[in-house]
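This report describes selected features of one protein model, from strand pairing to side-chain contacts. Please view the sequence and the structure before reading on.

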Amino acid sequence: MSDTLVDFDEVLTRYEPVIGLETHVELGTASKMFCGCSTTFGAEPNTQTCPVCLGLPGSLPVANAAAIESTIRIGLALGCRIATWCRFSRKNYFYPDIPKGFQTTQYDEPLCTAGHLDVEVDGEIYRVEIERVHLEEDTGKNLHVGGATGRIHGADHSLIDYNRAGIPLVEIVTRPIPGAGAKAPEVAKAYVTELRSILLALGVSEVRMEQGNLRCDVNTSLAPIGSLEWGTRTETKNVNSLRSVERAVRFEMRRQAAVLDREGHVLQETRHFHEDTGTTSPGRSKEEATDYRYFPEPDLVPVAPDEEWVAKLAATLPELPAARRARVSEEWGISPTEMAWLVNAGAVELVSDTVAAGASPADARKWWLGELARRANDAGVELSELAVTPAQVAELVGLVSAGTINDQLARQALDGVLAGEGDPAAVVESRGLAVMGESDELVSAVEAAIEANPDVAEKVRGGKVQAIGALVGAVMKATRGKADAATVKRMLEERL
Ligand SMILES: [Zn+2]
């Protein structure tokens with residue numbers, strides 16, 4: 001069944017969107033939330049489990065102090081109030097990836113509440129209110145085998161990996177965000193981008209969206225313009241890239257407008273996002289909180305962070321992205337407009353880290369916003385998803401400044417780095433990309449060019465110096481761009 005869609009611009013002539021985001025972040029702690037099992041990604045299925053995270057009778061959980069500390073630091077970075085006393089709850093539901101029959105989470109007593117995060121889109125600041133930041137445990141992972149789509153429908157059988165069950169998971173929930181209008185999709189993306197940068201700066205998670213460290217549920221609703229009530233929302237689950245966050249909101253706005261035009265109301269439901277088509281499809285109809293029969297977890301003591309500890313954590317927060325941007329734009333001498341451009345390209349941290357690794361701010365910006373931005377765009381991925389690190393870009397820039405390679409050879413070296421052939425210096429070595437010195441090979445290429453173009457050589461000898469360009473070009477072509485143009489020019493001049 002394909003959905004009817006209304007043109008995006010037309011949606012905005014009749015409806016006002018309200019968005020909201022629920023973001024799950026897997027913390028990078030060494031052990032799980034309530035047991036000592038390892039959290040290392042990519043281990044053989046079901047090798048990182050124990051009676052506690054498998055929910056065996058008689059096993060007792062103990063809360064992970066490092067996870068509580070990370071959650072408080074996230075709350076502080078988002079300007080939240082930190083609870084002086086709170087408890088975990090049981091969220092009861094049966095699903096095979098939740099071996100205990102309930103998820104240990106926080107319900108009416110979250111660790112952090114009432115924060116905010118300001119995001120900038122096209123020079124305008126949007127304040128996103130944070131309702132809560134709470135701590136819970138991740139579920140196991142189902143693998144549905146035999147179907148075409150990887151979903152349970154049409155599968156022959158399902159396998160479950162409990163390695164992920166019990167990994168500490170922080171859920172960050174925004175309040176509904178009204179008033180973004182046509183910018184709603186971009187505000188959603190900007191929020192997740194900024195949140196991801198904060199989590200990176202805090203060092204609490206690897207936040208790799210492709211590995212599921214950061215997963216977004218995107219809520220979208222539409223109400224007729226001027227309506228006093230907000231519309232019914234849908235919740236698009238597990239949107240796994242920054243670009244998809246924007247696409248998911250855009251698609252839901254266009255789909256819901258068509259549904260409202262036709263039927264007058266939208267069904268409250270969860271939906272799945274499809275990366276390949278950029279569309280969503282219905283999941284299950286949404287449960288109410290009362291369906292889960294929440295009650296306080298009797299096996300865990302309450303969490304009561306003392307004031308002194310919280311004050312110490314607040315005092316030792318790292319420089320956060322917004323402050324970092326303000327500082328570096330002054331240090332690099334760039335305008336707010338240029339900074340906004342870097343932010344939109346998701347390049348601030350990348351450029352900043354490249355500078356920290358030894359490149360000049362101008363070179364770092366040139367590579368990330370030029371060649372690398374072009375390649376990311378061609379591949380349809382974010383800059384940060386390219387298989388090259390800021391340290392490697394700094395190394396590439398260093399090789400160019402040292403005269404080992406020129407810009408053209410640097411682009412070829414970059415091909416090798418992106419293809420996983422190693423660091424730039426190694427690629428230059430293995431692909432033989434270094435600029436040619438005044439070698440015998442270059443001398444004979446220079447002499448061959450003079451010999452092959454006697455008329456041009458005669459013009460140069462006769463005083464038409466600019467004609468030398470044609471000879472330089474011939475040498476560069478013969479050496480496949482590996483010679484240094486200035487050296488070639490000097491060698492030609494010496495011989496004419
Ligand atoms: Zn365990």
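How many bridges join strand β3 to strand β4, and in which sense do the two strands run?

## Basis of the report

The model is predicted, so local features need pLDDT of at least 70 and side-chain atom pairs count only at pLDDT 80 or more, while totals for chains, interfaces and linings use all residues. Residues are numbered from 1 along each chain as its sequence is written, and side-chain values use heavy atoms, with hydrogens and water left out.

## Pairing of strand β3

Strand β3 (residues 89-92) and strand β4 (residues 102-105) are joined by 4 bridges and run antiparallel. Within this pairing, R90 has T104 of β4 as its bridge partner. Strands are DSSP runs of E with at least two residues, helices are runs of H or I with at least four residues, and both are numbered from the N terminus. Two strands pair if DSSP finds at least two bridges between them.

Strand β3 also pairs with strand β14 (residues 295-296), in the antiparallel sense and over 2 bridges. Here the bridge partner of S89 is P296 in β14.

For reference, the ideal angle for four tetrahedral donors is 109.5 degrees. Both C50 and C53 are buried, where buried means under 20% relative accessible area, exposed over 50% and partly exposed in between (1.4 Å probe, protein chains only).

## Salt bridges

The count of salt bridges comes to 37, a salt bridge being a side-chain nitrogen of Lys or Arg within 4 Å of a carboxyl oxygen of Asp or Glu. One of them joins K237 to D217, with the closest N and O atoms 3.3 Å apart. K237 lies in strand β11 (residues 234-239) and D217 in strand β10 (residues 214-224), so this pair ties together parts that are 20 residues apart in sequence. K237 is partly exposed, with a relative accessible area of 23%, whereas D217 is buried at 1%.

Other salt bridges lie within a helix. In helix α4 (residues 242-263), R255 and E252 are 3 residues apart, about one turn of the helix, and their closest N and O atoms are 2.8 Å apart. R255 is buried, with a relative accessible area of 7%, and E252 is buried at 0%. In helix α9 (residues 361-379), R374 and E371 are likewise 3 residues apart, about one turn of the helix; their closest N and O atoms are 2.9 Å apart. R374 counts as partly exposed at 43% relative accessibility, and E371 as buried at 13%. Salt bridges that share partners join E371, R374, R375, D378 and D415 into one network.

## Aromatic pairs and charges over rings

The count of aromatic pairs comes to 4. Rings of Phe, Tyr and Trp (its six-membered ring) pair if their centres lie within 6.5 Å; planes under 30 degrees apart count as stacked, over 60 as edge-to-face and the rest as tilted. Y93 and Y292 form an edge-to-face pair, at 5.7 Å centre to centre and 70 degrees between the planes. Y93 lies in the loop between β3 and β4 and Y292 in the loop between β13 (279-285) and β14, so the pair ties together parts that are 199 residues apart in sequence. Y93 is partly exposed at 25% relative accessibility, whereas Y292 is buried at 13%. Y107 and Y294 form a stacked pair, at 3.7 Å centre to centre and 5 degrees between the planes. Ring pairs link Y93, Y107, Y292 and Y294 into a cluster.

K91 lies over the face of Y292, at 4.5 Å from the ring centre. The charged end of R250 sits over the ring of F8, 4.5 Å from its centre. A charge sits over a ring if NZ of Lys or CZ of Arg is within 6 Å of the ring centre and within 35 degrees of the ring normal.
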